[in-house]
Amino acid sequence: MIAEETLVQELQREESRAKAFEVLVNTYKERLYWHIRRIVLDHDDTDDVLQNTFIKVYRNIDKFKGESKLYSWMYRIATNESLTFLKQKSRKMGVSDQELKDKMVENLQADVYFEGDEIQLKLQKALATLPDKQKLVFTMKYFQEMKYKDIAVALETSEGALKASYHLAVKKIEAYLKEN
């Protein structure tokens, strides 16, 4: 695997950009797919958001200063693209953000790409009740096993705030699972 610093240099040079971008996509597409999927839930929507994410990365790679890890920067883009996508989708459908979340969880059972069991479905329902920030922090920490410092970069917030959000999310999920 190519070193991240080398990859960024290759991406920022016009003559090596196309090949380096192919390496970037192959290296990060699965991790970004699952990050986005946990936010938007639907496979087809995830593919659209993932594509938009990589387009933004490609167009803005010259603005990447190396102050964070490349994948943290891409996670921030993927997160913002996902949240923007959901806001646009709820607006187009004429429903509130919470109504959209509820509908998405309902549709999850019919999704041929969803491989979870009843417990996974319950967890998704619990996650749908969380505010966006708590859901993001929980999914990044629990499912993706990211370190707080990397999540802090991706979400542009402090580690202390993240720890508090994660703790609150866990408590709310536990309460939801006990009630349902």
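How far apart do the end C-alpha atoms of residues 24-91 lie, and how much of the span is helix and how much strand? The end atoms lie 33 Å apart. The span is 84% helix and 0% strand. Keep in mind that this is a predicted model.

## Two domains

The protein chain is assigned two domains. Domain 1 covers residues 1-95. Domain 2 covers residues 116-180. Their centres, taken over C-alpha atoms, are 21 Å apart.

## What the record says

UniProt carries an annotation in each part of the chain. Residues 24-91 hold the feature "domain: RNA polymerase sigma-70 region", from an unreviewed entry. Residues 121-173 are annotated as "domain: RNA polymerase sigma factor 70 region 4 type", also from an unreviewed entry.

What is the make-up of residues 121-173, in helix and strand? That span is 81% helix and 0% strand. Its end C-alpha atoms lie 13 Å apart.

## Where the domains touch

Now look at the interface. On one side, 15 residues of domain 1 make contact. They meet 14 residues of domain 2. Together the two domains bury about 1300 Å². Carbon and sulfur atoms account for 58% of that area.

Which three residues supply more of the area that domain 1 buries against domain 2 than any other three? They are Arg38, Tyr75 and Arg76. This trio supplies 42% of the area on the domain 1 side.

## Charged and polar links

How many salt bridges does the rule find across the interface of domain 1 and domain 2? It finds one. Find Arg76 again in the structure. Its side chain meets that of Glu156 in a salt bridge, at 3.5 Å from N to O. Arg76 is also one of the three residues named above for buried area.

Seven residue pairs are in polar contact between domain 1 and domain 2, both residues at pLDDT 80 or more.

## The domain 1 side

Which helices each supply at least two residues of the side of domain 1 that touches domain 2? They are helix 2 (17-40) and helix 4 (70-93). Helix 4 gives the largest share, with seven residues.

Six residues are nonpolar. Four are polar, and five are charged.

Methods: Residues are numbered from 1 along each chain as its sequence is written. Side-chain values use heavy atoms; hydrogens and water are left out. Domain bounds come from an automatic or database domain assignment. Contact means heavy atoms within 4.5 Å. Buried area is the accessible area (1.4 Å probe) that two parts lose on being put together, summed over both. A salt bridge is a side-chain nitrogen of Lys or Arg within 4 Å of a carboxyl oxygen of Asp or Glu. A polar contact is a pair of N or O atoms within 3.5 Å; within protein, one must be able to donate a hydrogen and the other to accept it, and residues adjacent in sequence count only if both atoms are side-chain atoms. Helices (H or I, at least four residues) and strands (E, at least two) are DSSP runs, numbered from the N terminus. Ala, Val, Leu, Ile, Met, Phe, Trp, Tyr, Cys and Pro count as nonpolar, Asp, Glu, Lys and Arg as charged, and the others, Gly among them, as polar. UniProt positions are given in the numbering used here, feature names are shortened, and annotations may be inferred rather than shown by experiment.
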